[in-house]
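Here is a short tour for you to follow with the viewer open.

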Amino acid sequence: MLQDQITQYTQEINAFSTENAEELEQFRIRFLGTKGIIKDIFDEFKAVSPEEKRTLGKVLNEFKQLAEAKYLSLKANEPVTGDQKTAGMDLTLPGNGIELGARHPLALVRREIVDIFNKLGFIVAEGPEIEDDWHNFSALNFPEEHPARDMQDTFFIRKGGESGDIALRTHTSSVQVRMMEAGKPPFRALMPGRVYRNEAISARAHCFFHQVEGLYVDENVSFADLKQTLFYFVQELYGEGTKVRFRPSYFPFTEPSAEMDISCTICKGAGCQLCKYSGWVEILGCGMVDPNVLENCGIDSKKYSGFAFGMGIERIANLKFEIRDLRLFSENDARFLKQFKTSLI
Ligand code: DAH
């Protein structure tokens, strides 16, 4: 009996479920295909008596709709199939991690230096990289004929003329002048920045590099304050027990002037290539701010005194990370730069 068959197939359709594309296709062929069950039943239906047709016709149509609806709803929920892009992928696996960038080693070292002096109450000040003769040289007590003004060292942007030379600053000491001109003592500041010198590029020299300048001006500032401040800085940066020594030196803007060495961070004073077997490496220049400089900046040198120091960030970084070629800092080779990811943060 047709009615019995339909009842049986209806149960089968209602019970059917799959998430498998192949099984669903078999379902479609079995019930809805051109040689499928529904087609057969419709063929048989043609042979039934006219009375039966009236009742069976409706049942048959409902049965067909049921099969179609079942097929469409399973098709809509069907998971991604083999021929689509994600074939063979395990979508439950975690995604690819995002690779974090790294801070530039010079930025890490600059931050560390700034952090140490912040603890002593030094603020950070900045100035322009394109400077006039006054701020880079004259106010800092450089004599007219000083060799540092020579074309060999300085990148001049405009030479001479009524309003004087304009150049790329050769040191961050120019920021001292700007700071003192603009304010009133006390000054306690750190001045990091890029500087330029007309030098051939090699492993040991570059036409630009970075410095940190320090300035402390107040009443009764002494050379003892300078020594103690720099001693503290070195202990913080290179660890307790690092030795310091001061050698007399000359800078136009300080009097007296000194250069400060630390015991070699690599061989701890025993002697190695880096310290040229002396046990000591120079890390900065310093001194008491020359009274002429104070006066040039409008500060009463009878009332105020101060100390200043300047260091190259590359040099500090070289000692910290044992980098032997200055060029690495500016070549942007990510393989080099990312090595310093975790070292200081
Ligand atoms: N300006 C000097 C240089 O570029 C470094 C320096 C030395 C800065 C002594 C100072 C200082 O403030 O007191 O070589």
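## Thr265 and its surroundings

A polar contact here is a pair of N or O atoms within 3.5 Å; inside the protein, one of the two must be able to donate a hydrogen and the other to accept it. With that in mind, look at Thr265 in this predicted model: a polar atom of the Thr265 side chain sits 3.4 Å from the backbone oxygen of Leu319.

Where is Thr265 placed? You will find Thr265 in the loop between β8 (254–263) and β9 (280–289). Is Thr265 buried or exposed? Its relative accessible area is 15%, and because buried means under 20%, Thr265 counts as buried. Leaving aside residues up to four places away in sequence, Thr265 touches Tyr238 and Leu319.

## The ligand and its shell

Now turn to the ligand, which is surrounded by 15 residues. The closest are His171, Ser173, Arg197, Gln211 and Glu213. By class, this shell holds 8 polar, 5 nonpolar and 2 charged residues.

For Gln211, a polar side-chain atom lies 2.9 Å from an oxygen atom of the ligand. Glu213 likewise has a polar side-chain atom 2.5 Å from an oxygen atom of the ligand. On its own the ligand has 360 Å² of accessible area, and the protein covers 89% of that. The elements giving two or more residues to the shell are α7 (173–182), β6 (208–218), β9 and β10 (305–312).

## The whole protein

Stepping back, the protein has 11 helices and 10 strands. Its radius of gyration is 41 Å, whereas the globule rule gives 20 Å for 345 residues, so the protein is more spread out than a compact globule. The C-alpha atoms fill a box of roughly 130 × 55 × 40 Å along the principal axes.

How much of the protein counts as buried? Of its 345 residues, 41% do. The protein exposes about 19,600 Å², with carbon and sulfur atoms supplying 50% of that area. Among contacts with a separation of 6 or more, 66% come from residues 24 or more positions apart.

How values were computed
Residues numbered from 1 in each chain as written. Predicted model: local features only at pLDDT ≥ 70, side-chain atom pairs only at ≥ 80, totals over all residues. Heavy atoms only, no water. Helix = DSSP H or I, 4+ residues; strand = E, 2+ residues; numbered from the N terminus. Buried < 20%, exposed > 50% of the residue type's maximum accessible area, 1.4 Å probe, protein only. Contact = heavy atoms within 4.5 Å. Near = heavy atom within 4 Å. Areas by Shrake-Rupley, 256 points an atom, 1.4 Å probe, with all protein chains shown as cover. Nonpolar A, V, L, I, M, F, W, Y, C, P; charged D, E, K, R; others polar. Rg over C-alpha atoms; globule rule 2.2 N^0.38 Å.
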